[in-house]
Every structure is written in C-alpha cells, then in structure tokens.
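Hi,

Here is the structure I promised to pass on.

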Number of protein chains: 2
Amino acid sequence: MAVSNHKDTGKIPEPTLRRLPWYLSNVKLLKEQGCTYVSSTQLARGTGIDASQIAKDLSYVKLAGRTRVGYEIDTMVGVLEEFLWPKETHRAFLFGVGSLGAALLQDSGLKHYGLEIVGAFDVRSDVVGTSINSIPVFDLSELHERMRGSGVTIGVLTVPIGVAQDVTDLMVANGIKGVWNFTPFRIRVPEEIVVQNTSLYAHLAVMFNRMNV
Amino acid sequence: MAVSNHKDTGKIPEPTLRRLPWYLSNVKLLKEQGCTYVSSTQLARGTGIDASQIAKDLSYVKLAGRTRVGYEIDTMVGVLEEFLWPKETHRAFLFGVGSLGAALLQDSGLKHYGLEIVGAFDVRSDVVGTSINSIPVFDLSELHERMRGSGVTIGVLTVPIGVAQDVTDLMVANGIKGVWNFTPFRIRVPEEIVVQNTSLYAHLAVMFNRMNV
C-alpha cells in the first residue's frame, strides 16, 4: 500500500527522479566491488552526469558527501533503495491483455520493484476467465466489485488507443489513483490522478529516427 | 555519450519526437469516427498540448494546416505513420533473457512497430538453446558469428546491471548501431551509437513518488 512517508522530501523534480536510479545502480556495482566511499567526481565519471548536478540531486534525498571522502556507499544504497522502491508494494490491476499486456503480466521484475499486479481486465471472451502467470483475467464489467477491498491503487493501461480514454475514465471512477499508461494515447485525468507515460513504441520511433539521421 | 548525436540532419527535437505519436493516435481515432479535417485547436483539446506547439511540431514533418479547415487527416496519418515507423523493420538481438527480456520476446507489438527481434543471447545453460515465441536463445559467446549476415543493427539490453556495460561494449564491438537500454544503468557508448533509455522500474519509481507526495 502507498503510504505518504515521503512528505519531508517534498516534491522532487522529475529529471532528478529519473537520475536517482542511475546513481543507485552505479553505487551498487561499486559496493559489489568492495568500495565503501565514493566521490561525486567518481560518480560523475560513472554516470556521465555533472558532479555538481549529482550533489544537488542527492541533496533532495538528504544525502550529503563528506569533504575528501565523499558519500558512504552503504548509506547511499539504503537511502536510494528505500526512497525509490519503498518496501510496501503497490497493488495494481492491468487493463488490456493483448500482446504487451500479457508480456507485462509475465515480468516478475515489476513485483520486485514494488508493483504487484493482482488482476487483469479485458472484454474478449477468449481471455476472460483465463489466468497468466497466476494472475486472473476478469471481464471489465466486474471492475467495480473487484475493486472493493482489493487495496488496488494503480491501473496499468495496455488497451488499444480507441478505448484508452474510456478505460481510464472507468478506472478513475472506480478509485484508481495512478495510471501507468503504455499506450501512445495522451489520456486526460483529473488533477489529483498521477499518470506515468511509458510508450515503448514511441521510444522505438525516437530511436529509429536517431539512427536514420 | 550518445543520444544527442544528430548534428547532420537531426532537426527534430526529442520532445517533438515524443509528442508526434500522441498526435497520430489522436487523429487515428478521429479518422475512425469519420472525421476528415482537424484544426490544431481541436488537436490541442484532444492531447492537452498547446495549439501553437502542435503547429510547430507538425511543421518538422512538413505538415501544414490550411486556414479555416486545418489538417487533412488522411495525409496526417500517412505522414506520421511513415515517419515514426518506417515500413522497413529494423532487426535486433535481445541480450539477457530474464523476466523482462522474456516478456519482451513475447510482445509481438514490437514487430508491428518496426522492431523484429530475431535472436536472443544469454549465458545461463538453462535458457541457452531454448526458444521463446519462436526466437532462439544463443550463448553470448556466439555473438560474433551470429552477427555475420544477420542484418541486425539494434541491441535490446535487458541484462543485470552488473554486466550492462560489458555487454554493451561487446555489442558495439560487433557492429550494433543502436542500444535500447531497459536497465537502470547509464551505459557509455561511442558518440556515433544511439542509445534509447527505457527503464520501466525507474518509471515506476517516478510514479510511486508522485503518488506519495
């Protein structure tokens, strides 16, 4: 369950949030190699991010380096892991068991990083009633009753674009607080709802374009 | 570092590239509904992007609206689809057949959007020699010979962070021109190599943080 235990850190800029996992993966490697302290200069070399930017980013999670020795790696790993992927998992429903939706149901890495998909919804009779990776697929008409007592706060959106907005509206009406949108459709939500856009196919388009020039 | 190496003909800013799929999905819907022309004001309402920004973005792909009638939808769909996902597919190898890697091998949507994964590599004896969704898994030591004549230009990186850089170096040494990096590790590549970062777990962290503040 989501618990508001980050209030003291305030609102961290999104670019910083996106860089924190880079620092974490970098220091985890250093830790494996037996390193105990790391300077921001070293971190800069490892991640390609400017050292002063790193210091600023880390200050958002109250990590400060010590003169000459730098950051203590154990502390840094602990703080960043707890901050980025709090121990409590967030429960989610997935909407749209097509090719991508089914693939995501099979990625147990999501659970490891705090997202537990406990059910999926679709409208096609050939998938409703089945289960994938032990996750049951329900008919979309059952959403209201399935939400009750489920503890689900997140909806993973992998439906065709033609119904992306309708399904989002339905989620929100049923109490979903965050939508992880894998469609290339720009969904509209009330102000208090969090949307995270991750369109794999849009990323592909960006990559192809960069490779062709 | 990669990603920003498009001095020659790369006139299209990355934010524009990321918005183009939103416009495309929006007009595809309108087209289904029988709409033939759309104004940038209407597009702005549908996507939440400023109308003048939309006009500017579309001008990069040589799409111009006509006074009073706006953009012709058929042309817009055609131009954007061809631009974003050119007809030729790009051939790719995937590296690291863990949970996420295996999930991606099962997403046939990738092929639909121009990425054909024709082989995968791992080092674990329990997966090497198997195949997933008819895609064979080879031992990493075979990369050099498997690259020959394969037409593969893209590497999909889904390995553990501890080997992300080594596997990237190996890819690049064997002629890979673009790396789709799903790890939270910030890989370093020669200037001419394109990197697209898509860390699902970093996106999760951003979403959790936004929901908690």
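A term to start with: by polar contact I mean a pair of N or O atoms within 3.5 Å, where within protein one must be able to donate a hydrogen and the other to accept it, and residues adjacent in sequence count only if both atoms are side-chain atoms. Between chain A and chain B there are 22 residue pairs in polar contact, both residues at pLDDT 80 or more. The side of chain A that touches chain B draws its largest share, 13 residues, from helix α9 (residues 200-212) of chain A. By type, that side divides into 37 nonpolar, 24 polar and 10 charged residues. Here Ala, Val, Leu, Ile, Met, Phe, Trp, Tyr, Cys and Pro count as nonpolar, Asp, Glu, Lys and Arg as charged, and the others, Gly among them, as polar.

Some housekeeping. This is a predicted model, with local features needing pLDDT of at least 70 and side-chain atom pairs counting only at pLDDT 80 or more, while totals for chains, interfaces and linings use all residues. Residues are numbered from 1 along each chain as its sequence is written, chains are lettered from A and ligands numbered from 1 in the order in which they are written, and side-chain values use heavy atoms, with hydrogens and water left out.

Back to the interface. In contact terms (heavy atoms within 4.5 Å), 71 residues of chain A meet 69 residues of chain B. The two chains bury about 6500 Å² between them, 67% of it on carbon and sulfur atoms; that is the accessible area (1.4 Å probe) that two parts lose on being put together, summed over both.

Next, salt bridges: a side-chain nitrogen of Lys or Arg within 4 Å of a carboxyl oxygen of Asp or Glu. The whole structure has 20 of them over all chains, and two are between chain A and chain B. Arg210(A) pairs with Glu14(B), the closest N and O atoms being 4.0 Å apart. Glu14(A), Arg18(A) and Arg210(B) are linked in a salt-bridge network. Within it, Arg18(A) and Glu14(A) come to 2.9 Å between their closest N and O atoms; the two are four residues apart in helix α1 (residues 14-32) of chain A, so about one helical turn separates them. (Helices, H or I of at least four residues, and strands, E of at least two, are DSSP runs numbered from the N terminus.)

Over in chain B, the side chains of Asp74(B) and Lys31(B) form a salt bridge at 3.1 Å, N to O.

Is Asp57(A) buried or exposed? It counts as buried, at 0% relative accessibility, where buried means under 20% relative accessible area, exposed over 50% and partly exposed in between (1.4 Å probe, protein chains only). Asp57(A) lies in helix α3 (residues 51-59) of chain A, and its side chain makes a polar contact of 2.9 Å with that of Thr16(A).

Last, helix α8 (residues 161-173) of chain A. Its buried residues are Ile161(A), Ala164(A), Gln165(A), Val167(A), Thr168(A) and Met171(A). Their cover includes β3 (90-95), α7 (143-147), β7 (152-157) and β8 (178-181) of chain A, together with α1 (14-32) of chain B. Just after α8(A), Gly175(A) takes a positive phi of about 100 degrees.

Cheers
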